[in-house]
Amino acid sequence: MTIRNVDAATDAAAIAAIYAPFIADTIITFEEEPVSAAEMQKRIESIVASPLNYPYIVYENDDGKVIGYAYGSQFRVRNAYRFTVETSLYLDINEQGKGVGSLLYKELLKRLKDGGFHSALGVVSLPNEASQRLHEKFGFTKCCHLRESGFKFGKWIDVGMWELLLQDS
């Protein structure tokens, strides 16, 4: 296994394929239309091109197949928020529950801390007990609950936010 920086050109198709079932079958993302490899490549390039140096990493299995990815991205556009980052993590649906997510998240949080970010936010559509447990495993605490803030599959969905301070104040 290898955790490495994303290569937008070569990893976009695998990342789009990992993301697709979450769009089609779950409330984990509020995205409602499939994302093509070309569009995913543009999104990845936009994140990694940021002057804030957001990390974007992938997990490759022993066969060299990308089976998960994680990244940090802008929380809000106002400059005062530049040290706060929103985190995202997705795994191939056949690789969940094997510890890969924890390995990826641990590395992502290390890179965020080393990159000087002060706080990390996990934004979780509810219910999602696996994501809640993962965040709490890494010391995140729930800081917000937004009622009926998303609408997908014909129903209103709550969103929770978990926060972690990465640096000492």
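## A walk through the aromatic pairs and beyond

Start with the rings: searching the whole structure turns up 11 aromatic pairs. Keep in mind as you click around that this is a predicted model.

**Stop 1: Tyr56 and Tyr69.** Select these two and show their side chains. The ring centres sit 6.1 Å apart with the planes at 10°, and since planes under 30 degrees apart count as stacked, this pair is stacked. Now colour by secondary structure. Tyr56 belongs to strand S2 (residues 56-60) and Tyr69 to strand S3 (residues 66-74), so the pair ties together parts 13 residues apart in sequence.

**Stop 2: Tyr105 and Phe140.** Hop over to another ring pair. Here the centres are 5.8 Å apart and the planes meet at 20°, so Tyr105 and Phe140 are stacked. Which parts of the chain does this pair tie together? Tyr105 is in helix H3 (residues 100-114), while Phe140 is in the loop between helix H4 (129-137) and strand S6 (141-152), so the link is between parts 35 residues apart in sequence. As for cover, Tyr105 has 1% relative accessibility and therefore counts as buried. Phe140, at 3% relative accessibility, counts as buried too.

**Stop 3: Thr84.** Select Thr84, which you'll find in strand S4 (residues 84-91). Its relative accessibility is 16%, and because buried means under 20%, Thr84 counts as buried. What does Thr84 touch, once neighbours within four places in sequence are set aside? The contacts are Phe75, Ser119 and Leu121.

**Stop 4: His118.** Next, pick His118, in the loop between H3 and strand S5 (119-126). With a relative accessible area of 26%, His118 is partly exposed. Draw another C-alpha to C-alpha distance, this time from His118 to Arg4: the two are 23 Å apart in space and 114 residues apart in sequence.

**Stop 5: zoom out.** Hide the side chains and trace the cartoon from the start. The protein chain has 4 helices and 7 strands, and they come in the order β-α-α-β-β-β-α-β-α-β-β. Among contacts with a separation of 6 or more, 64% are between residues 24 or more positions apart.

How does the overall size look? The C-alpha trace spans about 40 × 40 × 30 Å along its principal axes. For 169 residues, a compact globule would have a radius of gyration near 15 Å, and the protein chain has 15 Å, so the two agree.

**Stop 6: surface and charges.** Of the 169 residues, 41% are buried. Colour the charged side chains to see 18 positive and 22 negative ones; the centres of the two sets lie 5 Å apart.

Methods
Residues numbered from 1 in each chain as written. Predicted model: local features only at pLDDT ≥ 70, side-chain atom pairs only at ≥ 80, totals over all residues. Heavy atoms only, no water. Helix = DSSP H or I, 4+ residues; strand = E, 2+ residues; numbered from the N terminus. Rg over C-alpha atoms; globule rule 2.2 N^0.38 Å. Buried < 20%, exposed > 50% of the residue type's maximum accessible area, 1.4 Å probe, protein only. Contact = heavy atoms within 4.5 Å. Lys, Arg positive; Asp, Glu negative; His and termini not counted. Charge placed at Lys NZ, Arg CZ, Asp CG, Glu CD. Phe/Tyr/Trp six-rings, centres within 6.5 Å; stacked < 30°, edge-to-face > 60°.
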